[in-house]
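Here are my notes on this one, in the order I'd go through them on screen. Have the model open while you read.

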Amino acid sequence: MAFENPHSALCAALVELRNHPCSSTPSPPGVPKRASLTFVLRVQPNPAFLPAADAPAATSIEEFFELPWVQHGEPEVLFIKRAARPGDRWSAHVAFPGGRRDPEDAGDLEAALRETIEEVGLDVQRLGLPCGKLPDRVVRTSWGTVPLMVLCPFVYLLTSPDAPSMHLQPTEVASVHWVPLRLLFSPTFSTVERCDVSDRLATRFKGPVGTAVRHCLRLAVGFMEFSAIRLWPSKSIYSTFGKDYLVGAETGKWETPLLLWGLSLAVVQDFKEMLPQMGPALEMWNWPTFTAVDVRLVTALLTRGLRQRNVEAVKQGRIAMAMPLDIISDEAEVLEQTGAEEVENAEVEQSGSEEEEDAEVVEQTGSEEEENAEVMEEENAEVIEETGSEEEGSEGSEESGVMKVGQVGTDGNLSDTSELSDKTDTSTDSSRSAESAVEVQHDTMDESTVFVEGSQIPALVTDTVTIVDREPTPKQTRERIASVDVLLDGYYSRVNKAVYIALFGRFAVFSAIIGTAAYRYSKFRNFR
C-alpha cells in the first residue's frame, strides 16, 4: 500500500498499533523487575498553516491527521538525556521518559504514566491520545545471558499544536529534546558509539588482578562499536539545576553530540519497522563489533551464519506481522465457505439419520401392535373363563373381545377407536423425537455441544462458524517481533568467544615469533 506522504503512513501505523497493541511479555522466572517508558509523538505546525486559536481538539487519531495544520506539519519524537550519576549503567544516555515499576503501580501503563510525570512533568494521558504499545523486550546483561528486567514501551500522540511545558527532575533528567521523525530514517545521521567493554570481559576477575586484566583487555581489543543515530533536535529544554548542566562548557566540549544507541535505539527500530514507506529501518543498523582489526575479522567469520539466519528470521517476522492486514479478509471468506459446507454436510447426515430413525420407529411400532394384540387376546380368554358361558358366552365374549380390542388404549384405559389411533400417532411422534434426541446426544456430544435450557436436545455449535461470527474487537493484541532482539539472538555469546579466540591467536603468533627469534639466535651463537 503506497502512501502519498509520511503523515498518512504515520496515521496508518498508529491506528494499527492502537487497534492491535502488542501483547504483554511475562517476567522471566526469578526476574520480578519491570520497567515502562513512554514514546511521545507530536506534530510541529508549519507557520504558514497555523490552526485557529478556538479550533477544537481532535478526539481520535484519524481525526487528528485530517487537520490541515497536521498534514503540513513536522512529526517529532520526544527524547531525554539522563543525568550523569555514578553507578548508573544508563548514566547520561539518550532515552525515553520512564522508569521502573513500583509495587504501588496497578500495571505497566500506570508505571509509564507516573514516571513521565515525575521525570519531565508531562501528563500524556491528559494531553494526548493513547496509541497502543510496542513489543516488550527482556533486557539482558553479561553478553545477553542474564535477564535483568522486562521493558514495556507505550506510545502516545499529543494533539496540541503548541509544545507542552515541561518541568525536568534535575536528579534524573539533564535535558529533553524534540527530534523530527524523518531524521531517524536519514542515513546522514547514522553513526556509531564507541564504548569500553573491558569491564564486561573481565567479570571473573576481582581486585588488583581484575584491574590489570581490564587494562590489558582495553589495550588488546580496543573499544566496542555500537550502531547509533545522531540526533538533531528542533527544540531542547535543559535543566539548569542539574550538576551536569555546564559540564560540556567547563571541559571545553561545546558541541557534545546526542547519540541514540543501545536499548533506546532498539525501541526506535521497532517503531520504524511499522513505517517502511518513510525509509529503511534495519538497513541503517550495524552489527556490534570491535575497533581492533583482528577481533573484528574473527567476529565477522564466527557470526556469519548466525547473522544470516537472524536476518531471515526478521524477514519472516515481517511477513507474519503483515499477514493480518492483507489476508484476514480472504481467510474469513474461506472460513465462511468452509463453515457453510460443513453445515450442509451436517444437514444431509442429519436427514439420513432421521430416515433411518423413522424406519426403526415404524418397525418398533409394528412390533408393539403385535404385542398389544397378544395381550388383548389373553385378557379376552380370561374374561370368557370368568363368565362361565360356553357357547353363548363365547359368542358374547367374542363380541366383547372385539369391543375391548377397539377400546383398550396404550395406557391401559378404555377409549374409542379414534382415540387409539390419535394416541398411537402421538406416541409414535414422541418416541421418534425422544429416540432422535438420544441419538443426537450420543453421536454429537463433544466440547462444542450446548444444551438448551428446558430441552433434552443439544444445540450444536460449530467452532468454524463461531470464529467467523466473532468480529475482532478494538485493542485486540497482536504478536510483533522486536527486530533488534531477534538479530542479536545468540550474537553476543559468539562475540565473547571471538574475543578470546583473537587473543589466543595473538598469543600464539607472539609465541611463534619469540620462539623463532630464540631459535635463530641460538643457532647463530652455535655457528660462531
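1. Two strands count as paired if DSSP finds at least two bridges between them. Helices (H or I, at least four residues) and strands (E, at least two) are DSSP runs, numbered from the N terminus. Residues are numbered from 1 along each chain as its sequence is written. Keep in mind that this is a predicted model: local features need pLDDT of at least 70, side-chain atom pairs count only at pLDDT 80 or more, and totals for chains, interfaces and linings use all residues; side-chain values use heavy atoms, with hydrogens and water left out.

2. Start with strand 10 (residues 224-231), which pairs with strand 9 (residues 190-195) in the antiparallel sense over six bridges. At M224 of strand 10, the residue opposite is C195.

3. Strand 10 has other partners too. Strand 12 (residues 258-261) runs antiparallel to strand 10 and is joined to it by four bridges, with L258 as the partner of L231. Strand 13 (residues 289-290) is also antiparallel to strand 10, through two bridges, and there F290 is the partner of M224.

4. How much of strand 10 is buried? Seven of its eight residues are, so to speak, tucked away as buried, where buried means under 20% relative accessible area, exposed over 50%, and partly exposed in between (1.4 Å probe, protein chains only).

5. Now helix 1 (residues 6-19). Its end C-alpha atoms are 20 Å apart, which agrees with the 20 Å that 14 residues should span at 1.5 Å a residue; the expected span is 1.5 Å times one less than the number of residues. Because 10 of the 14 residues are buried, helix 1 is largely enclosed by the rest of the structure.

6. A nonpolar core here is a set of buried Ala, Val, Leu, Ile, Met, Phe, Trp, Tyr and Cys residues joined through side-chain atoms within 4.5 Å. The largest has 72 residues, and L14 and F79 have the most contacts inside it. Helix 1 gives the most to this core, with seven residues. Apart from it lies another core, of 15 residues, including L78, A95, Y156 and V176.

7. Which residues does F79 touch? Leaving out residues up to four places away in sequence, its contacts (heavy atoms within 4.5 Å) include V94, F96, H177, L231, L260 and V268.

8. Last, helix 9 (residues 263-272): nine of its 10 residues are buried, so helix 9 is largely enclosed by the rest of the structure. V268 is one of those buried residues, as are Q269, D270 and K272.
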